[in-house]
Amino acid sequence: MTIASPPTSIPSHVPPHLVRDWDLWGEISAKGQDAHAHAASLHFSTPPIFYVPRLGYLPGCWVPRRSDDLRQILQDTETFTSTAATPFPQMLGETWSLIPLEIDPPNHAKYRMLLNPLFAPKRVDALEHDIRAQATALMASFAARGSCDFNTEFAEQFPTLIFLRVMGWDTSEVGRFVAWTQALVKSQDMQVVVGAVMQIRDYRRERIVERRAQPTDDFTSSLIASQIDGQPLTDDEVFGICFLVFLAGLDTVTSSLGFMFLHLARHPAQQTELRENPERIPQAVEEMLRAYSIVNMRRTVTKDITIGEVTMRRGDYVLISTELGNLDPEKYVNPEKVDFNRPDAHVPHMAFAYGVHRCLGSHLVRRELRIAIELWLTNLPPFHLVADKPVRVRAAGVFGVDDLHLAWGAA
Ligand code: HEM
């Protein structure tokens, strides 16, 4: 299958002075380890809302950078629909939706209510022991060696194992899930992405058929047994939910772990601060979630709207970059600085978005990140980057650290 790249034409209603003729991802990735610092600098070099003609393999879109504008857009679900927020169903020429992300209010709430209990704080409390045990076992496999490939040996495995436990799915599938996730989020080659989406689709659809015939106590079976408005969920709905939790829940945690551990490796004094004051780990996690946000979302304009000097037309795409929103100097003093004792820590960040689609997994994520940092700082000596292994940072729909090798003991 040959897949055409999207056209890079700029719609006639976009004033030329608002166009920045880059691929935003390429522009930010070019700064390597300092991608977020570069994203922060865009607040001083671009209009509040600008237009890029292309975004990786996605077509052109508006890029609002001010936190207040981003929040306004996320709140106004009538003007900014999240229908078709992701390109995946369309890539296959299919019409299912990622649920509840691609469902607008009021129907969104019906699905969300179904899913909330699975990721509620009480459920996460019950997982605490398991989360610690999984992290400890992974660390035990490399601790004595004095170094590790952080992604393959820890950051990819850890959230995937927890995710499989939460879903009640087979943990021996961890390798397969990691491989699909990496193909889906890392590749800028649309054919690779389409191949991964097809494999995930075929695998999950087969599991749905199996569970309809023979229910178990897993997540898929409980969705099949659920009803909305007195009706059982269709196969497309069950599949759309499973695909979304898979997409939303795996690489996001891997990527956040990558940025947090990259930061700590580059800032030994802050490792010491947290070793000596472990009660600060939760606020350190919040600060790093803010400073190293990773998720970019897309909305489509349903009716013409003017924000500031920009008029967006029906059908335009809008990028919601949590990185830009959380690095907005109108909201935070020295936003690019990572300060675990930041005086404006009370200003809420938008790493998990805002409004009705706010992240379903945020309680689980926070627990996973806190436990990972706590166990590393408690069980291993100060860690640092391995000198001859370059770090690679990816700016894409989900920002991430693709190569991160850590070592401890003598530098
Ligand atoms: C560091 C990790 C994570 C980050 C930064 C993150 C961030 C986000 C963001 C920004 C959104 C809003 C998307 C949009 O409005 O278009 C979102 C939604 C969502 N997230 Fe997360 N997420 C993370 C991990 C997880 C995990 C572990 C799960 C579950 C296993 C999860 C499940 C979801 C779901 C289901 C939605 C859609 C909610 C809705 O539409 O109502 N996320 N997440």
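Student: Hi! Before we start, what counts as a helix or a strand here?
Tutor: Both are DSSP runs numbered from the N terminus: a helix is H or I over at least four residues, and a strand is E over at least two.

Student: And what sort of model is this?
Tutor: This is a predicted model, where local features need pLDDT of at least 70, side-chain atom pairs count only at pLDDT 80 or more, and totals for chains, interfaces and linings use all residues. Residues are numbered from 1 along each chain as its sequence is written.

Student: Okay, how many helices and strands does the protein have?
Tutor: There are 17 helices and 14 strands.

Student: What radius of gyration would a compact globule with 411 residues have, and what does the protein have?
Tutor: A compact globule with 411 residues would come out near 22 Å, and the protein's 21 Å agrees with that. The radius is taken over C-alpha atoms, and the globule rule is 2.2 Å times the number of residues to the power 0.38. Along the principal axes, the C-alpha atoms fill a box of roughly 60 × 60 × 40 Å.

Student: How much of the protein is buried?
Tutor: Of the 411 residues, 39% count as buried. The test uses C-beta atoms placed from the backbone: a residue with 20 or more others within 10 Å of its own is buried, one with 12 or fewer is exposed, and anything in between is partly exposed.

Student: Let's pick a helix. Which residues of α2 are buried?
Tutor: In α2, which spans residues 35-45, the buried ones include Ala 35, His 36, Ala 39 and Ala 40. They sit on the same side of α2, because they cover an arc of only 150° around the axis. That arc is the one made by the directions from the helix axis to the C-beta atoms.

Student: Which residues are on the other side of α2?
Tutor: Phe 44 and Ser 45, and they are exposed.

Student: What covers the buried residues of α2?
Tutor: The cover includes α1 (24-29), α15 (281-291), α16 (322-326) and β12 (392-394).

Student: Switching to strands: how do β1 and β2 pair?
Tutor: β1 and β2 (residues 58-64) pair in the antiparallel sense over 6 bridges; to pair, two strands need at least two bridges found by DSSP. Ile 49 stands opposite Pro 64 in β2. The two strands form a hairpin with 2 residues between them, and Gly 56 in the turn has a positive phi of about 60°.

Student: Is β1 mostly covered or mostly open, and how many of its residues are buried?
Tutor: β1 (residues 49-55) is mostly covered, with 7 of its 7 residues buried.

Student: What does β7 join up with?
Tutor: β7 (residues 296-301) runs antiparallel to β3 (residues 80-81), with 2 bridges between them, and Phe 80 has Val 301 as its bridge partner. β7 also pairs with β10 (residues 317-321), again in the antiparallel sense, over 5 bridges. There, Arg 299 stands opposite Val 318.

Student: Now the ligand. Which residues come nearest?
Tutor: Gly 249, Met 297, Ala 353, Cys 359 and Gly 361 come nearest, out of 26 residues around the ligand. To count as near, a residue needs its C-beta atom, placed from the backbone, within 6 Å.

Student: Which helix gives the largest share of that shell?
Tutor: α12 does, with 4 residues. α12 (235-249), α13 (251-266) and α17 (362-379) each supply at least two.

Student: How do the shell residues divide?
Tutor: Into 18 nonpolar, 7 polar and 1 charged. Ala, Val, Leu, Ile, Met, Phe, Trp, Tyr, Cys and Pro count as nonpolar, Asp, Glu, Lys and Arg as charged, and the others, Gly among them, as polar.

Student: Back to Ala 353: what is its phi?
Tutor: Near 75°, a positive value in a residue other than glycine. Most residues other than glycine have a negative phi, and most peptide bonds are trans. Ala 353 is in the loop between α16 and α17, and it counts as buried because it has 20 C-beta neighbours inside 10 Å.

Student: Where are the cis bonds?
Tutor: One runs from Ile 99 to Pro 100, with omega near 5°, and another from Pro 105 to Pro 106, also with omega near 5°.

Technical notes. Two residues are in contact if their C-beta atoms, placed from the backbone, lie within 7 Å.
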